[in-house]
Amino acid sequence: MKQEILKQLQPQLFERFSRILEANRLGHAYLFSGNFASFDMAKFLTQAVFCQESDSVLPCGHCRNCRLVEQEEFPDMTIVAPQGNVIKTDTVRDLVKDFSQSGFEGNRQVFIIRDAEKMHPNAANSLLKAIEEPQSDIHIFLITNQEEAVLPTIKSRTQLVSFPKNIAYMTQVLEEKGLLKNQARLLAQLATGLEEAEQLAQQKSILDSLQVSKKFVETLLVQPQKAYLMVGNLVQLASEKADQGRLFELLGLYLSEKLTEKRGQAALVGLLDARKMWMSNVSFQNALEFWVLTLSKKK
């Protein structure tokens, strides 16, 4: 990702880390909370560590090292991600062994652990001593979108940096790509990042979901019995589990805008209950139908 885009996505954090680099005070262990450009920031800081040609503290972005970091092929940058749904203990232990060694091209190394909350507890514990007492010139970036699932001992030994979504900027980009303002805003809220938002905007099924969900919510708040007959339309839009989860989020976003209307608050509470049912393996259709029927019985 180019610096200018990163600066627009996270202007305050970009400025903060620019000052840190200028003061030569980049820490050795960070926990980046939130997926919105956090991995890109980790790579940007890695470029700053290894850049060969920049006249300032910011990386040039085009030298050999910068290009290899962007391509995730630089030998002194190690990226770890879950295999399946877990980062295994042996993987982290092997990583820790590398902490005490010099890099291939210099004395410094950077380690990036994505989805850090998925580390096995033993794996996370094996990191603790290395984070507390680094034996070489290393920088560790732990990235998570579920900060609450990261071990407290890890959080207490790293510098926590939050990466909030820049909804306004994402909305602007999506509008420039041809989406209506309301569509752009909702997709910006749904997506974890700009790249995902742009991908969703190109999917006709997602745009259909926006339209059908909006009509469903409007009907639900006025005529729940009629909305019951529309549940099938929602089900047809979401055959996969991931699509169903996204549709729950979308319905929630629409309802959060209707809290001042009659049934608005009750509908949102009922939706949360329906989602819990769905997460407990009740079928998507049955959970929605139960939700609508329960709401229709309330005066």
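Biologist: Among the contacts in the protein with a separation of 6 or more, what share comes from residues 24 or more positions apart?

Modeller: This is a predicted model, and in it residues 24 or more positions apart account for 70% of those contacts. The protein has 299 residues, of which 44% are buried. Its C-alpha atoms fill a box of roughly 70 × 45 × 30 Å along the principal axes.

Biologist: How many helices and strands does the protein have?

Modeller: There are 16 helices and five strands. A pair of helices can be read by the angle between their axes. The axes of H14 (residues 241-256) and H15 (residues 264-279) come within 10 Å and cross at roughly 170 degrees. An angle over 145 degrees counts as roughly antiparallel, and H14 and H15 are therefore roughly antiparallel to each other. Their crossing is left-handed.

Biologist: Which residues make the contact between H14 and H15?

Modeller: H14 contributes Lys-241, Gln-244, Gly-245, Phe-248, Glu-249, Leu-251, Gly-252 and Leu-255. From H15 come Ala-267, Leu-268, Leu-271, Ala-274, Arg-275 and Trp-278.

Biologist: Is Ser-213 buried or exposed, and which residues is Ser-213 in contact with, leaving aside its neighbours within four places in sequence?

Modeller: A residue counts as buried when its relative accessible area is under 20%. Ser-213, in helix H11 (residues 204-220), has a relative accessible area of 0% and is therefore buried. Beyond those sequence neighbours, Ser-213 is in contact with Leu-234, Leu-247, Leu-250, Leu-251 and Tyr-254. One of these, Leu-251, also belongs to the contact of H14 with H15.

Biologist: Where is Asn-281 found, and is Asn-281 buried or exposed?

Modeller: Asn-281 is found in the loop between H15 and helix H16 (284-296). Its relative accessibility is 70%, so Asn-281 counts as exposed. Separation in sequence and separation in space may also be read side by side. Asn-281 and Thr-144 are 137 residues apart in sequence, and their C-alpha atoms are 26 Å apart in space.

Biologist: How many disulfides does a search of the whole structure find?

Modeller: The search finds zero disulfides. Cys-60 is in no disulfide, and the nearest cysteine sulfur, in Cys-51, is 3.5 Å away. A disulfide requires two cysteine sulfur atoms within 2.5 Å. The sulfur of Cys-66 is 3.6 Å from the closest cysteine sulfur, in Cys-63, and is therefore too far for a bond.

Biologist: Are Cys-60 and Cys-66 buried or exposed?

Modeller: Cys-60 is partly exposed, with a relative accessible area of 22%. Cys-66, at 0% relative accessibility, counts as buried.

Biologist: Where are Asn-24 and Ala-37 placed?

Modeller: Asn-24 is in the loop between helix H2 (11-22) and strand E1 (29-33). Ala-37 is in the loop between E1 and helix H3 (38-50). Asn-24 is exposed, with a relative accessible area of 67%, whereas Ala-37, at 7% relative accessibility, counts as buried.

Conventions. Residues are numbered from 1 along each chain as its sequence is written. This is a predicted model: local features need pLDDT of at least 70, side-chain atom pairs count only at pLDDT 80 or more; totals for chains, interfaces and linings use all residues. Side-chain values use heavy atoms; hydrogens and water are left out. Axes are lines fitted to C-alpha atoms, for helices over the stretch in contact, and angles run from 0 to 180 degrees between N-to-C directions. Helices (H or I, at least four residues) and strands (E, at least two) are DSSP runs, numbered from the N terminus. Angles under 35 degrees count as roughly parallel, over 145 as roughly antiparallel, 65 to 115 as roughly perpendicular and the rest as oblique. A crossing is left-handed if the near helix is turned anticlockwise from the far one by less than a right angle, and right-handed if clockwise. Contact means heavy atoms within 4.5 Å. Buried means under 20% relative accessible area, exposed over 50%, partly exposed in between (1.4 Å probe, protein chains only).
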